[in-house]
Every structure is written in C-alpha cells, then in structure tokens.
Amino acid sequence: MTLISVEHILYAPVPYKGYSIRAKSKGANVDSFKSAFKDWMIPFDQSMITRDFLEKVLIVTKERFYLARVFQAPGLDELKRSGVVSHIADVPTDLVQKNNFAITSVDSSMKEFIKNEGIPTGEIKPLKTPLTPKGDIETEIVRRTLPKDSARRILEATTQKKFKVFIIYEGRERDLLSYGLARMVSAVSPYEFIVASENIKRDVLFLHEGALIIGKKLPIWARIKGWTIINLRKSERSESNKSIDVIMKEIYGGDSGQY
C-alpha cells in the first residue's frame, strides 16, 4: 500500500499564549494556511461549540484543498481549560483531481491522528494517508443526491466571481456530499471558494471569491439577493410525484399528464 504524507497544523489554545499555531508538521507552510483561511482560523461562534461539536470546512484554491475539522478539546491552556481546536490539512488539488484521491481519506487520517496523539504541541509528523483512488465515492453521492438540472445550476453559478450557493440538504451524508461538490466545482470554477455549513459566520463568507454552503435550513443571511438556492427536499418531492404519475399510468392507462 502506497502512503502519502499530508502536511497539517493545529490551531488551538497554547499555555500562557492564547490561540495560536499549537502544532505543525515540518513541511507545513503556516503562511499558506493563514492566507487560505484569511486569518479566520476559527470561523464559528464559539458559544455554540460544545463538547460534541464537530464541523468540517473546506477552502479550495487553484493549487490546494484545505480541510479543517473544528471541535472542542479539554485541558488546553495553563489552567487546563477546554478550547476550540482547528485541525487543518493541506492536500494538493492535482492529487485530488488527477489521482481521483478521496478527501474523505484525509478526513479519516485526521480523525485517527487526534485519537492516537491527542492535541500535541510543537512539531508533529505528517499525516500518513493511503494513496487509493476512492474519489468515486464522493462523486457517487453527488450523482445520487443532486438532480442534473440542479448540478448545472451550481456549475453555472460557480463560474461567476463572488458566487454564493446554498444547498438545503437534510440527509446524513453531508460531509461526503460536501467533498463531492468541492471536487465538482473545483474542476470548473477558476475561483478560490469556501465549502461550509450554515453554522459558519456570515462575515467569513465575504472574504472568499465564492461560497458553497450545505445546510439543513436556510438562514436569514442567505435569503438576500445574490444567493443561488438549491432545495434538495423540493427535488425529492418532485421526483416522487413523477413516480406516482408513472404508476397511475400503468394502472389506468392514458396520458400520465392528466393525473
């Protein structure tokens, strides 16, 4: 099995220093991480980040995919208080696109690292991730979940600078859908963009050239002019109605449009 090294950093409380880069792998370019996240290393309202909180954010540039896992951890500062951790990995775009490399593989490696190492300080080893072509699982979730006309609307919207797309999705595979959409959009959009949930701070969205948000409900800030809204609940209802029409035609005959 071929393993690749993925550089990563931990942004979290540091004893007697406060929030800072707590740990990094030797080859990690800290400035590139900060540039990608626009100095918003914790782009969430900390009052909502509880012990069970876990959010994943992608920043996609022409050269890199930056995957952040944001969560709370105990005993981080000099008083052993809990704090918010942003664990961020750096994956070359070419690796994702040309090798069909799955972003979810990096996600799994990050989870395993924290499980084994906790929240260390100082220099850490790069993530060791199997180089296996599993990107199809991220493409498949898009194919299963997103109607073709919705996919076209998203791609057309994301070719515009400062695009803002909100996808209403209540399913359980949000992370996988996010990774699949990021792959799809990065293949056509020339812009750097953020992929996040509705929990993101609104101010963060406007720091990037595009925003792709996947959430369960439409927040007030996404109801203003300029957002492309894709309601997957509505699409699912529409597809269900079509199935009923087909069944009615099979039972009663005639033109399905009359039912």
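User: Where is the place of Ser-178?

Analyst: Ser-178 lies in helix H6, where helices are DSSP runs (H or I) of at least four residues, numbered from the N terminus. This is a predicted model, in which local features need pLDDT of at least 70, side-chain atom pairs count only at pLDDT 80 or more, and totals for chains, interfaces and linings use all residues. Residues are numbered from 1 along each chain as its sequence is written, and side-chain values use heavy atoms, with hydrogens and water left out.

User: Why does Ser-178 count as buried?

Analyst: Buried means under 20% relative accessible area, with exposed over 50% and partly exposed in between, for a 1.4 Å probe and protein chains only. Ser-178 has 4% relative accessibility, so Ser-178 counts as buried.

User: What makes Ala-182 buried?

Analyst: Ala-182, also found in helix H6, has a relative accessible area of 0%, and therefore it is buried. Leaving out residues up to four places away in sequence, Ala-182 touches Leu-58, Val-60, Phe-65, Phe-193 and Val-195, where contact means heavy atoms within 4.5 Å.

User: Why is H3 called oblique to H6?

Analyst: The axes of helix H3 (residues 103–117) and helix H6 (residues 174–186) cross at roughly 135° and come within 9 Å. Angles under 35 degrees count as roughly parallel, over 145 as roughly antiparallel, 65 to 115 as roughly perpendicular and the rest as oblique, so H3 is oblique to H6. Axes are lines fitted to C-alpha atoms, for helices over the stretch in contact, with angles from 0 to 180 degrees between N-to-C directions.

Definitions and conventions: Helices (H or I, at least four residues) and strands (E, at least two) are DSSP runs, numbered from the N terminus.
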